Structure formats: structure tokens, C-alpha cells
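Hi everyone, thanks for coming.

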There are 4 protein chains.
Amino acid sequence: MKKLDLEEIASRVPHLAGWSVDQEKLFREFNFADFPRAFGFMSSVAIICQEMNHHPEWTNVYTNLKVWLSSHEVDGISDRDFELAERMNALFAPR
Amino acid sequence: MKKLDLEEIASRVPHLAGWSVDQEKLFREFNFADFPRAFGFMSSVAIICQEMNHHPEWTNVYTNLKVWLSSHEVDGISDRDFELAERMNALFAPR
Amino acid sequence: MKKLDLEEIASRVPHLAGWSVDQEKLFREFNFADFPRAFGFMSSVAIICQEMNHHPEWTNVYTNLKVWLSSHEVDGISDRDFELAERMNALFAPR
Amino acid sequence: MKKLDLEEIASRVPHLAGWSVDQEKLFREFNFADFPRAFGFMSSVAIICQEMNHHPEWTNVYTNLKVWLSSHEVDGISDRDFELAERMNALFAPR
């Protein structure tokens, strides 16, 4: 795993729908129609995270979910963060 | 809560996409693209069930989920089963 | 539901193991042996929250969970926050 | 992964608290104080299963959970089933 430099991050983030950079982490906010849908999404993501051995910092308030992704092993953003962000988008998209 | 008679059940089931009657219970099978999606759906449903105080009999194997709904209070199928079935369909539909 | 005054909150918080007041909300941090235990706890709490129609602000990072409880209906802390805090403690205690 | 023979299974099952053999699968029934605890346990297990890439057949009705474990790759019971059974016991034990 290697730390991505700012230039590479800046060139890739625009291709990741809904995500931006916040506090040197990938950041996205998700909103849901109700709490059961919000928490069901979190459950799907929790299972994927354990499989990837890569866990987010996330804050939930009712139907709102904020996610920050970074790789503490490299003290920055890595490919793994982009991969998890893409998997979260794929899960979210069809709802 | 009252027990619905067979005639009423037979007239309503055809309007409930995917559901049939099995062993005097409402029955539906759901299939998902992967296990995280299957279990995320179950988490959403679990939250709704507790809110309705009405819990299913359900069996999961990997990406497959079978659900049986009935109301033990009336020893049969009630309006509450139709309501939960509809809420499960609404959650499932947009995926 | 009524907003509790500071005096009442200050007298009750010491009886609520692990909780304190942060930013005019009830606050507690939970730590778990691993991520599956952390998220399993969150799932139990999510189901209880929907039943109470009272949802937390919570932030999870791996095995750490921070929870803030307040009642936006009264713009402060109410009995309901104490009740949810106690139910979370009861779920956490025996692990 | 190899299929364990009946003799080996019979010698190991007695050391696995609560488990027996049913329909050529490892089988255990779990009971919980309430539905939030039952489903929280299932959430923890779901996360572990994805990590192990080994998923159970399980049936839940309210506070009751029945689990059958087998390895379709070997058409029988393997070490992996014993490992998952032990991890489920470890999660359940301290409650």
C-alpha cells in the first residue's frame, strides 16, 4: 500500500461521484429516505469493510451518513480508499 | 387484529408481487447480487419489524432469503402480514 | 417530552455508568474487542432506536464508538435520552 | 479444504458446546433475551462469515436462531465449519 500524492488524488476524485477531500481524507455524505434504509446500507458496508480489512470513520444521524476514508498505515489516502469508495457508490447507486 | 379468511387472502395475494401462500403463511423468496446486499436488506427489515412489533420466520443461505409471515396471535394471516410484506417489497424494489 | 434543566441532568448523570455531558448532549464512548462486536452492538441499538423513535448521533471508527444523545424536539436533553442511554448500557454490560 | 469423516466429526463435536450433527451438518440453536440481541448477534456473525468467505444456513424466528454449517465445496463438514462454530460460540458466550 502506498500513499497517493496530492496530484494523483486531485485527478481521481472528480471521477468518484459524490466524493471530495476533507481533512486529507476521502469524504462523502449519503442521505436516505428513512432510518431502516440508512442502517441497512451501513450493514452492507460493514460486511464489505471487514472483507477488505479496511474500516471507515463514519458518523450517522438518523437518515444522514458521513464517511471519511484514509489509510492509517500510510498516514494518508491510498488505492484502498478509492476502492472502498467505489464499492460504497455501487451499493448506494441503485436505491 | 383479525385472521383473514382464505377467500380474502386469495384475492389479495395476486396484488403482492412475488408473494404466495405456503403452509398457511405468506411466503416470498428474495435473491441478491451478493451477501452484503442480502444482509443489508435483512438489517433494514429487522428494524422495520421491531417498529411494527411483528417478526418474520426467515431463512438465509448466502444470497438467498426465504420469508414466511403469519400472525401467531390469530393463528393465521392478518392485515399486519400484508403490511410487512408490502414494506419488504418497497425496500427490495429499487435495488 | 420536556427539556431537563442543568441541575436535574447533573444529578442523574453520575448514576449512568460511563456517560457524561458533552456539548449539551449525553455522551459515552464504547470500545469493543473487534469490529464484528462493535457493529453487532450498533445493530442491536439501531433496532431499539427505531422502536423508541429516538436516534443517536454516533461515530464509529473500527472498534471505537462514540454516542451523543439529545432530543431536538426540546432542544436539549430529555428523559428519553436517559432511557436510551440506559438501554445501551444494558446491552453493553454483559459482554 | 477436506471433508471430515464421520469418526473425526463424532470425536470433535462433543468439545463444541451446544452443537450437534443434523442432516450431515453442524447444528446449533441459540436463544436470546430479545430480538435486538438476536439480530445484533446475527450482524456480528454476518461480518465474520464474509471475512471467512463461509456462510451459514440460518433460520431466525424472533429470539430464536437455528444454524446449520457445512461446506458445499466438499459436500460435507470441514475444518472451516468447526472454526466458524467456535467463533460463533465465542461471540455468544459472554452475553
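Predicted model: local features only at pLDDT ≥ 70, side-chain atom pairs only at ≥ 80, totals over all residues.

Okay, let's begin with two helices in chain A. Helix 2 of chain A covers residues 35-52, helix 3 of chain A covers residues 79-92, and they pack at an angle of about 150 degrees with their axes 11 Å apart. So helix 2 of chain A and helix 3 of chain A are roughly antiparallel to each other. Their crossing is right-handed. Which residues make the contact? On helix 2 of chain A, they include Phe41(A), Val45(A) and Ile48(A), and on helix 3 of chain A you'll find, among them, Leu84(A), Met88(A) and Leu91(A). By class, that contact has nine nonpolar, one polar and two charged residues.

Now, chain A also touches chain B. Each of those two chains puts 12 residues into the contact. On the chain A side, that's seven nonpolar, three polar and two charged.

Let's hop over to chain D and its strand 4, residues 64-69. Leu65(D), Val67(D) and Leu69(D) sit on the covered face, while Asn64(D), Lys66(D) and Trp68(D) are on the uncovered one. What does strand 4 of chain D pair with? Strand 2 of chain D pairs with it in the antiparallel sense over six bridges, and there Arg28(D) has Val67(D) as its bridge partner. Strand 3 of chain D is antiparallel to it too, over five bridges, with Asn60(D) opposite Leu65(D). Strands 3 and 4 of chain D form a hairpin with two residues between them, and Tyr62(D) in the turn has a positive phi of about 55 degrees.

Technical notes. Residues numbered from 1 in each chain as written. Chains lettered and ligands numbered in written order. Contact = placed C-beta atoms within 7 Å. Nonpolar A, V, L, I, M, F, W, Y, C, P; charged D, E, K, R; others polar. Axes fitted to C-alpha atoms, helices over the stretch in contact; angles between N-to-C directions. Helix = DSSP H or I, 4+ residues; strand = E, 2+ residues; numbered from the N terminus. Parallel < 35°, antiparallel > 145°, perpendicular 65-115°, else oblique. Left-handed = near helix turned anticlockwise from the far one by under 90°. Buried ≥ 20, exposed ≤ 12 C-beta atoms within 10 Å, placed from the backbone. Pairing = 2+ DSSP bridges.
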